[in-house]
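Visitor: I have a model open and would like to learn how to read it. Could you walk me through some features, one at a time?

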Amino acid sequence: MPHLIAPSLLSANFLNLGKDIEMVNRSQADWFHLDVMDGVFVPNISFGLPVIERIKKAALKPFDVHLMIIDPDRYIERFRKTGADIISVHAEACSHLHRSVYLIKSTGALAGVVLNPHSPVSLLADIICDADMVLLMSVNPGFGGQKFIENTYQKVRDLKELILKKNSKATIEIDGGVDLANAPLLVKEGAGILVAGNTIFSSPDPEEMISRLKNF
Ligand code: DX5
Ligand code: ZN
């Protein structure tokens, strides 16, 4: 299956979000990636439910909601109601990750589990068969436009191995510093979904950049 591209709206133009949403709609992108930050789990605050609800009215592709918030169980049903199709929670932010994953599934959304760069893949050994997706952070979460952490390649290999060993159906998503230089190797190692913010939205032709990230 060809890999998917999920543009992160964190790097879009918030003064004219409608224009960037339309660009993603007509592009070869597969999903919208929406980064929700609480200023506690990560040192930044982005946007929340009311903004996502409005974006949903204009967007024509699935919503991949990345929750960078403490104790996300409190908000999962509401994010689902605003139109989230995939909801991902950080292993580091959940005291009862298994419960969080099943709460997401109970809403009908796909459940993603996110690992920060310092968290080993082995942490997921007993949840990998329950997760629909694993999101590996390839930067420390909180900001767009950061440098890709090279150790991610090894983590993709470790994760792929764990998925095969446990006979899991989880897909692998990579988020942070993804560009044309690292994307082909990430896909070769087993990544199925690539998030990209800065690479797409700071490009002179974002639609063309999406197509280049999709077709290599
Ligand atoms: C970072 C976010 C990312 C971010 C990626 O905390 O999770 O989704 O928007 O942006 P780039 O591609 O610019 O690193
Ligand atoms: Zn993200």
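Visitor: Which side chain has an N or O atom 3.2 Å from an oxygen atom of ligand 1?

Guide: A polar contact is a pair of N or O atoms within 3.5 Å; within protein, one must be able to donate a hydrogen and the other to accept it, and residues adjacent in sequence count only if both atoms are side-chain atoms. Here the side chain is that of His66. The side chain of His33 also has an N or O atom 3.3 Å from an oxygen atom of ligand 1, and Gly177 brings a backbone N or O atom to 2.8 Å from a ligand oxygen.

Visitor: How should I treat the model and its numbering?

Guide: It is a predicted model, where local features need pLDDT of at least 70 and side-chain atom pairs count only at pLDDT 80 or more, while totals for chains, interfaces and linings use all residues. Residues are numbered from 1 along each chain as its sequence is written, chains are lettered from A and ligands numbered from 1 in the order in which they are written, and side-chain values use heavy atoms, with hydrogens and water left out.

Visitor: Which residues come nearest to ligand 1?

Guide: A residue is near a molecule or strand if one of its heavy atoms lies within 4 Å of it. Ligand 1 has 20 residues around it, and Ser8, Gly142, Gly145, Asp175 and Gly197 come nearest.

Visitor: Which residues coordinate the zinc ion (ligand 2)?

Guide: Donors are N, O and S atoms within 2.8 Å of the metal (3.2 Å for Na, K and Ca); water is not among the atoms, so sites may look incomplete. His33 (NE2), Asp35 (OD), His66 (ND1) and Asp175 (OD) coordinate this zinc ion at 2.0 to 2.3 Å. Their spacing in sequence is H-x1-D-x30-H-x108-D. Asp35 sits in strand β2 (residues 32-37) and His66 in strand β3 (residues 63-68), so the pair ties together parts that are 31 residues apart in sequence. Helices (H or I, at least four residues) and strands (E, at least two) are DSSP runs, numbered from the N terminus.

Visitor: Are Asp35 and His66 buried or exposed?

Guide: Buried means under 20% relative accessible area, exposed over 50%, partly exposed in between (1.4 Å probe, protein chains only). Asp35 and His66 are both buried.

Visitor: What should I look for in a nonpolar core?

Guide: In soluble globular proteins, nonpolar side chains tend to be buried together. A nonpolar core is a set of buried Ala, Val, Leu, Ile, Met, Phe, Trp, Tyr and Cys residues joined through side-chain atoms within 4.5 Å. The largest one here has 61 residues, of which Leu34, Leu67, Phe79, Leu136, Ile174, Leu186 and Ile200 touch the most other members. Helix α5 (residues 152-166) gives the largest share of this core, 5 residues. A second, separate core of 7 residues includes Ala6, Ile86, Ile193 and Val195.

Visitor: What does Ile200 touch?

Guide: Contact means heavy atoms within 4.5 Å. Beyond its neighbours within four places in sequence, Ile200 is in contact with Ile5, Pro7, Met23, Pro206, Met209, Ile210 and Leu213.

Visitor: Which residues of helix α1 are buried?

Guide: In α1 (residues 17-26), the buried residues are Leu17, Asp20, Ile21, Met23, Val24 and Asn25. They pack against β1 (4-7), β2, α2 (49-58), α7 (198-201) and α8 (206-214).

Visitor: And where is Val178?

Guide: Val178 is in the loop between β7 (171-175) and α6. This residue is buried, with a relative accessible area of 3%. Leaving out residues up to four places away in sequence, Val178 touches Ala183, Leu186, Leu194, Val195, Ala196 and Thr199.
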